[in-house]
Every structure is written in C-alpha cells, then in structure tokens.
Amino acid sequence: MLDRCDVLVVGAGPAGSTAARYAAEAGLDVLLIDKRKEIGVPVCCGEFNASLAVLAEALPNAPGLDELFPLDPGLVRRKIRGAVAVSPGGREYEFDLPGYTVDRDAFDRHLVDAAVREGAALSPDTMFLERDGRRVTTSRGDVEANVVVAADGPLSRVCRSAGMERSAVLAPAITCRVDGEFGDRLKFFFGSSVAPGGYAWVFPKRGCANVGLGVQRPATPVPILLRAFLAHNGFAARDIQAGFVPVSGPIGETVRENVLAVGDAAGHVVASNGGGIAPAMLCGRLAGLAVAKHLLHGESLGAYEQAWRSAIGRELLAAARTKRTADRFLGSDFLLEQAMGILGGRGIRNIIVFGGLRGR
Ligand SMILES: Cc1cc2nc3c(=O)[nH]c(=O)nc-3n(C[C@H](O)[C@H](O)[C@H](O)COP(=O)(O)OP(=O)(O)OC[C@H]3O[C@@H](n4cnc5c(N)ncnc54)[C@H](O)[C@@H]3O)c2cc1C
C-alpha cells in the first residue's frame, strides 16, 4: 500500500469510488481504502436506482448526472416500471417510478473499477483507524495524505477524527433476498405492525427480490419485524443484513481541516425514501473535482460545500423536512390510512420520490 498520496479516500462505496475516480482523472495520486476484504460484500441495500429521467426531475440542479448514469446494461437485474404503496389497511396506490434494480456488489465493483482505470490505487481489507492532520493510521500502516475524503458511511470514523458531527437520526434498516418472480413494480408496505415509522419493501430482481424494511425508533428490533413480514407473506429469506440510513438531512459542515465528508457520512440521502446511491455518486464527483482544484490550482476546499449544496442541498433539506412531517402520520395507522387516501398514488409518489417538491 502507498505510504503517501495526494488524496486518501476512505470507503469504496458509491461516494468514495466516484470521488476517487474524478480526483485520479484530474491527475492526482489517489489511494482508495476499504475495510471490506471484497468490495460491496456483504450487500446491505434495497438495490434500486431510479431512472436518469426521474433523477433529473428530482434533482434538477445536479451537474454530471448523464456522466454518472449511462449505466452498463449488464448491471441491470430488473427494469422497473412503477410502484405500489400498500396502506396499513391493505389499500393499494399505484404510481409510475421507472428505474432498475442491480446486484449492489457488482455495482460497487463497477464503480471501483472505473476509479482504478483512472489511476486510483485500491487497498481493500484496510481499515481507517485514526487521523492526526495529514497523518492517517490504517490497519496496514500509516499514510501521509494532503486531503482525506470521508466516504466511510453513516457511522463515519473519519468525520469523527475531524470533529464533524454525524447524522442526527440513523434509521435501522434490514434487507434480505427472497427467491421467485415478483413482476416489474416495487412494493412499499406501510403500517405500525409492518415497519413503524418507515416502510417494508419488495424490490423485484431477476429470479428473486430484495425484501427489507427501514424503521424509526422501533420498539421491536428490525430482525423480528423482518421475520414477521416474511412469515406473513410466506417468504423464505437468505443473505440477511442490517445497517443504518441517515434520515435527518445533510450534516451542518462537510469540510473541516483537510477532510471532506461525502455520501452517507455527510447525510447525503433523500430522507423521504432512504435512497442514497445517486446522491453519494453526485457528491462524490463534486468532492473529487473540488480536491483536484484545491491541490492543483490552490482553490479553497470549502468550494466543495458550496458545490454540493447548490447541486442537491435544497432537495435533500426538503426531503428531510417532508420526512419529519410524514413521521407524524407514520406514527398512527388511522392518520396514515386517511393521508394516503387523500394523497392518492400521485401524491404518495410526490412525497416518496420527490420529497414533496415535484411531480404533482
Ligand atoms: C437496508 C438498506 C437499504 C437501502 N436501499 C437503498 C436503495 O434501494 N437505493 C438507494 O439509492 N439507497 C439505498 N440505501 C442507502 C444506500 O445504501 C447508501 O446511501 C449508499 O450506500 C451510500 O454510499 P456511501 O458510499 O456513502 O456509503 P457505503 O456504501 O456505506 O460505503 C461505505 C464504505 O466505507 C467502508 N468503511 C466503513 N468504515 C471504514 C473504515 N473505518 N475504514 C475503511 N473503510 C470503511 C465500508 O466498508 C463501505 O464499503 C439503503 C441503505 C440500507 C441500509
């Protein structure tokens, strides 16, 4: 492993790989480390991405979407046409939601390969331990780095090393695979007995579905909620994994000292649906470009904060606000049933997909 570099990127998820790709493309020496032995494994994700058209509508000021999302068709596991939201009482509301599911491990490897092709050095099985200015200690030795990118997920140790806050609300989520054919519509299930404060999902793939749920402050642990959901639907699960989704919006400050936070580490998630892959990649691109301008042309690292805020800041904040409002309804099955009836499919789509901002 390199013992010095221009940029050390910690975390080879969508945020880190994309930051590494753009920094390396600009000509910087980039070291990309991840604590996992195998990139993307184990998978802890619903594995759904909205189509480019939906992303462009949801995030209209985001630069680079068409650079990042001409997806290799080989990565698509199922083209998705739309979605059905199921109320606590079992009423179904359909809406359009074009997109696709992926195998998240293959997707993450694809993004890492793109960074390596641009010249980034990859070091898996390497854990970030601590940082003192430019000196970073990892499980494989010390590295001297001018800039460190914190792309190490919602519990970011790198952010902590720079005294940055972490997302105030981390929603527990759990996922698994269920074999079978599930059509071409996502299904979202609401209700306090299914997923208190959140939703359960069935996202079709090829020959199986990604099934899971995300909740907020559950009285019952998520593995028990998942087991009940699986039993209720007669599903047999494999590959169960649990994690956290930051759902309180972006952290207040994403640049401090020589550290930039990106992706889940920065709270770059659309809180109204928990989707973070696209924001992670968009902000990863902006982080890579900002680090290059800083190290090659002396521009301020703080420009990164302005860049991502003007690209998607308004939308992420609106989705977090909408999520807080929705939490009041999600706390009562009666209110939720009423609210879903009033909103109908289009209104539910506007809230889930667009954080209440668009698609009316
Ligand atoms: C159950 C669940 C379902 C989800 N479903 C979807 C979905 O369907 N669609 C969607 O868009 N989003 C979904 N999300 C959110 C999405 O997975 C994240 O927003 C996205 O992965 C963020 O990318 P990232 O690169 O910031 O972080 P991550 O993908 O979490 O990558 C962080 C990387 O950092 C590494 N790392 C952590 N600590 C260290 C350390 N100390 N040293 C070295 N490496 C370290 C990890 O191993 C990991 O590889 C879901 C999340 C969960 C938990």
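User: In which helix is Ala287 found?

Analyst: This is a predicted model, in which local features need pLDDT of at least 70 and side-chain atom pairs count only at pLDDT 80 or more, while totals for chains, interfaces and linings use all residues. Residues are numbered from 1 along each chain as its sequence is written. With helices (H or I, at least four residues) and strands (E, at least two) taken as DSSP runs numbered from the N terminus, Ala287 is found in helix H7.

User: Is Ala287 buried or exposed?

Analyst: A residue is buried if 20 or more other C-beta atoms, placed from the backbone, lie within 10 Å of its own, exposed if 12 or fewer, and partly exposed in between. Because Ala287 has 34 other C-beta atoms within 10 Å, Ala287 is buried.

User: Which residues are in contact with Ala287, leaving aside its neighbours within four places in sequence?

Analyst: Two residues are in contact if their C-beta atoms, placed from the backbone, lie within 7 Å. Val149, seen from its own side, has Ala287 among its contacts, together with others including Leu260 and Val262. For Ala287, the contacts are Ala19, Val149, Leu260, Val262 and Tyr304.

User: On which residue is the kink in H8 centred?

Analyst: Helix H8 (residues 303-330) has 28 residues and reaches 38 Å from its first C-alpha to its last, close to the 40 Å expected at 1.5 Å a residue, the expected span being 1.5 Å times one less than the number of residues. The bend at a residue is the angle between axes fitted to the seven residues ending there and the seven starting there. The kink in H8 is about 65 degrees and is centred on Ile312.

User: What distance separates the C-alpha atoms of Ala311 and Pro60?

Analyst: Ala311 has its place in helix H8 and is buried, with 22 other C-beta atoms within 10 Å. Not counting residues up to four places away in sequence, Ala311 touches Asn61, Ala62, Pro63, Leu282 and Leu286. Although Ala311 and Pro60 are 251 residues apart along the chain, their C-alpha atoms are separated by 8.1 Å.
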